[in-house]
Structure formats: C-alpha cells, structure tokens
Amino acid sequence: MSESIAIHILPKPVTISTSNLLSLYKYVRLAALLTNPEAFGSTYARETAFSDDAWAERVNERGRETLLALFHGSETHTATPSAPRENDKKETAIGTLTVLFPIMLAGHPQDPAYPPHIAEEVRACEVDVYMLVGMWVHPAHRGRGVGKALVQRAMEVVEQAKLEGNEQCEEASGINESCDTVQEKDKKQKKKVLMLLVHDIQYDAIRLYRNTGFVEQGSVLHGGKAATWMTVTI
C-alpha cells in the first residue's frame with residue numbers, strides 16, 4: 001500500500017457529529033498532551049474533561065485555524081490514548097498545528113513580551129502578527145517531514161489570509177496616539193510576521209523552524225523555562 005501525508009484545515013463551522021476531522025483533532029490533541037506534557041501550557045487532565053461542544057467552540061473560534069496531519073498507509077497502531085486513531089478512510093491522525101490570527105491576539109497581553117522591535121511595530125500599526133501554537137507530531141512519525149509539512153501549510157494560510165479587522169492597530173492606538181486611524185491603515189500594505197515560542201531544550205523543533213525560514217529573535221522565560229521567540233516575515 002502506498003503511503004501519503006495530507007494536511008487538512010478543519011472546516012468551520014464544525015461539530016463532533018458532522019465532522020470526523022474534529023474527532024480526529026480531539027484525539028490527537030489529547031495524545032499530544034499525554035505524550036509531551038512539557039511542551040504545552042494546558043494539561044491532559046484539563047482538556048480530557050472538555051465536552052464535545054467545547055472542542056467545537058475551540059476550532060470554530062474566530063481568528064483561529066486548526067491544521068491536522070493525516071497519514072494514509074500500511075502502518076497500524078494500537079488504540080491507546082497516546083496512539084493515533086484511524087477514520088473510516090483508514091487515515092491516521094498523526095499531528096496538529098494551530099495558527100492564531102491578529103484578531104485573536106489583539107487585546108491579549110504579550111506574555112512573554114514580544115521582541116522589542118516587533119512590539120514597536122505593533123504599536124506603530126506597521127505589522128500584523130500571527131502566531132503558531134500547539135505544534136505536535138506523533139513520535140512514530142517524527143523525522144518524516146510531517147512537522148515541516150504542517151509549518152509550510154501554516155505559512156500558506158498566513159500568506160493567503162485577509163485581515164478581518166484592525167484589532168491590533170486599534171489596541172495600539174490606545175497606547176500610541178501617533179498611530180494613524182484604522183481607515184488610513186486599511187490603505188497601507190502592512191507586513192505579516194509569523195511568530196512562535198519554543199523552549200530552548202526542544203532542539204529538533206528549533207532545527208525544524210530554522211529549516212522553514214524562522215529566525216531566533218531573543219530569549220525569554222516561559223513557565224520558568226528558557227525559551228526563544230522565532231519569527232518569519234510572510
């Protein structure tokens with residue numbers, strides 16, 4: 001049997017009853033929290049208690065795009081909480097990544113603080129910041145290009161995105177009175193910066209992000225651990 005990897009964007013609106021992809025995402029997200037709890041700000045105990053409606057609300061949230069990596073091939077896995085699950089097409093959920101849009105990041109504290117030059121560009125309404133979060137690939141499929149495929153698809157999502165508003169600019173306007181009006185900013189071509197935060201001990205992840213164009217932008221503490229902001233301009 002031939003093998004292939006497909007990266008899907010979960011459709012919106014979605015529910016557990018209408019989309020098998022949402023069930024697969026729920027499963028792979030819980031597998032991620034169970035297998036690599038040190039990599040996430042949430043916990044398996046917290047999210048395993050989520051209702052089906054809560055999972056749907058997460059995916060459907062405005063300003064969020066959820067990516068899911070599916071593997072089609074001859075490998076099989078036992079049905080344990082940390083193993084991928086197959087759908088009726090014999091596709092196995094093996095990874096996930098989420099893109100947060102400016103509309104979702106606006107109004108939230110920059111914690112940890114953004115690199116100074118990016119924070120200044122946000123205040124000056126010169127940049128739209130997007131964020132990668134929740135990156136995970138099942139251990140049985142690491143080193144096979146799944147992570148790279150997820151990141152590259154996320155970059156395509158950002159490249160194709162049209163800003164649904166100027167929330168980051170509006171937020172900055174309250175801080176920096178020299179910021180132009182939202183209407184004036186609409187007429188300008190702002191650059192897009194895709195950011196992520198990675199713990200310094202995640203050597204394989206750092207290498208992956210470097211290989212997809214990300215550059216280190218400064219060290220911070222995150223959850224008491226040394227971490228690094230990485231960015232790429234889209």
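**Salt bridges and nonpolar cores**

Analyst: The term denotes a side-chain nitrogen of Lys or Arg within 4 Å of a carboxyl oxygen of Asp or Glu. This is a predicted model, in which local features need pLDDT of at least 70 and side-chain atom pairs count only at pLDDT 80 or more, while totals for chains, interfaces and linings use all residues. Residues are numbered from 1 along each chain as its sequence is written, and side-chain values use heavy atoms, with hydrogens and water left out.

User: Where do Arg 123 and Glu 120 lie?

Analyst: Both belong to helix 5 (residues 116-123), three residues apart, which is about one turn of the helix. Helices (H or I, at least four residues) and strands (E, at least two) are DSSP runs, numbered from the N terminus.

User: How many salt bridges are there by this rule?

Analyst: In general, side chains of opposite charge can pair when their charged atoms come close. Here the count is 11. One of them joins Arg 153 to Glu 156, with the closest N and O atoms 3.3 Å apart. These two residues are three apart in helix 6 (residues 146-160), so about one helical turn separates Arg 153 from Glu 156.

User: Arg 64 forms a salt bridge with Glu 61. Is Arg 64 buried or exposed?

Analyst: Buried means under 20% relative accessible area, exposed over 50%, and partly exposed in between (1.4 Å probe, protein chains only). Arg 64 has a value of 14% and is therefore buried, whereas Glu 61, at 34%, is partly exposed. Their closest N and O atoms are 3.6 Å apart.

User: Which residues have the most contacts inside the largest nonpolar core?

Analyst: In soluble globular proteins, nonpolar side chains tend to be buried together. A nonpolar core is a set of buried Ala, Val, Leu, Ile, Met, Phe, Trp, Tyr and Cys residues joined through side-chain atoms within 4.5 Å. The largest has 29 residues, and Leu 132, Val 151, Tyr 209 and Phe 214 have the most contacts inside it. Helix 6 supplies the largest share of this core, seven residues.

User: What is Phe 214 in contact with, leaving aside its neighbours within four places in sequence?

Analyst: Contact means heavy atoms within 4.5 Å. The partners of Phe 214 include Leu 132, Val 151, Met 155 and Tyr 209. A second, separate core of 19 residues includes Leu 21, Ala 31, Trp 55 and Trp 136.
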